[in-house]
Amino acid sequence: AETWRLEGTPGALTARCGDARHRIDAVARESRGSVRAVVDGRPLAARVATDGARSWWLSDGAEIVVDDLRLSSAARAAAPAAGALHAPMHGRVTQVAAAQGARVEAGALLLVMEAMKMEHRLHAPFAGTVASVHARIGDQVGARQLLVEVAP
């Protein structure tokens with residue numbers, strides 16, 4: 001995984017990762033799931049799906065996952081925890097599949113929440129031990145609220 005930083009406005013962006021740099025101009029949403037832009041002078045069309053602050057972009061067979069960190073709290077940005085799972089948006093917890101102290105494999109289902117008539121499944125980012133569970137079935141949770149922590 002690479003971390004890219006975007007700066008500018010949707011009309012004129014610069015994307016940077018290490019020494020690599022790309023110019024992105026004229027970003028325009030054509031429909032709910034379609035975006036057009038000019039990247040390094042070449043026109044580009046992409047299909048887009050969004051879930052909270054995360055989106056998936058597919059163009060010419062390449063797929064990227066984008067996390068919009070503008071929605072992250074200052075405390076979370078200052079000290080990110082690799083195994084901390086946060087609510088993608090406001091919603092209600094419908095299932096808790098993790099118990100504190102339990103060993104889990106990477107990708108194991110830990111918690112399910114419902115938001116905007118959609119089901120959001122939170123999975124273990126890596127194999128480890130569930131360090132803590134901060135939500136119960138029926139809890140109303142806020143966007144970016146810490147729900148589960150996994151330790152390696």
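Biologist: Hi! Before we get into residues, what helices and strands are there in the chain?

Modeller: Hello! The chain has 1 helix and 15 strands. Keep in mind that we are looking at a predicted model.

Biologist: Noted. And what does the C-alpha trace span along its principal axes?

Modeller: About 50 × 35 × 30 Å.

Biologist: How much of the chain is made up of buried residues?

Modeller: Of the 152 residues in the chain, 27% are buried. The accessible surface comes to about 10,000 Å², and carbon and sulfur atoms account for 54% of that surface.

Biologist: What about contacts between residues 24 or more positions apart?

Modeller: If you take the contacts with a separation of 6 or more, 37% of them are between residues 24 or more positions apart.

Biologist: Let's go inside, then. How many residues does the largest nonpolar core have?

Modeller: That core has 18 residues. Leu110, Leu111, Met113, Leu147 and Val148 are the ones with the most contacts inside it.

Biologist: Which elements give two or more residues to this core?

Modeller: Those are strand E11, residues 109-115, and strand E15, residues 146-151. E11 gives the most, with 4 residues.

Biologist: How many salt bridges does a search of the whole structure find?

Modeller: The search finds 6. Another of them joins the side chains of Arg36 and Glu30, at 2.8 Å from N to O. Arg36 is partly exposed, with a relative accessible area of 41%.

Biologist: While we're on charges, how many positive and negative side chains does the chain have?

Modeller: There are 18 positive and 16 negative side chains. The centres of the two sets lie 4 Å apart.

Biologist: Changing topic: where is Lys117 found?

Modeller: Lys117 is in the loop between E11 and strand E12, residues 118-123. With a relative accessible area of 85%, Lys117 is exposed.

Biologist: And how far apart are Lys117 and Ala53?

Modeller: In sequence they are 64 residues apart, and in space 17 Å, C-alpha to C-alpha.

Biologist: Now Leu44. Which strand is Leu44 found in?

Modeller: Leu44 is in strand E5, residues 42-51. Its relative accessibility is 25%, so Leu44 counts as partly exposed rather than buried, which would need a value under 20%.

Biologist: Which residues does Leu44 contact, leaving aside its neighbours within four places in sequence?

Modeller: Its contacts are Val35, Arg36, Ala37, Val39, Ser59 and Asp60. You'll remember Arg36 from the salt bridge with Glu30. As for Val27, its C-alpha is 9.5 Å from that of Leu44, and the two are 17 residues apart in sequence.

Biologist: Asp60 is new to me. What is its phi value?

Modeller: Phi of Asp60 is near 50°, a positive value in a residue other than glycine. Asp60 lies in the loop between strand E6, residues 54-59, and strand E7, residues 62-67. Asp60 is exposed, with a relative accessible area of 74%.

Biologist: And what is the phi of Ala26?

Modeller: Near 55°, again a positive value in a residue other than glycine. Ala26 lies in strand E3, residues 20-31, and is partly exposed at 47% relative accessible area.

Biologist: Great, thanks for the tour!

Definitions and conventions. Residues numbered from 1 in each chain as written. Predicted model: local features only at pLDDT ≥ 70, side-chain atom pairs only at ≥ 80, totals over all residues. Heavy atoms only, no water. Salt bridge = Lys/Arg side-chain N within 4 Å of Asp/Glu carboxyl O. Buried < 20%, exposed > 50% of the residue type's maximum accessible area, 1.4 Å probe, protein only. Core = buried A, V, L, I, M, F, W, Y, C linked by side-chain atoms within 4.5 Å. Contact = heavy atoms within 4.5 Å. Areas by Shrake-Rupley, 256 points an atom, 1.4 Å probe, with all protein chains shown as cover. Lys, Arg positive; Asp, Glu negative; His and termini not counted. Charge placed at Lys NZ, Arg CZ, Asp CG, Glu CD.
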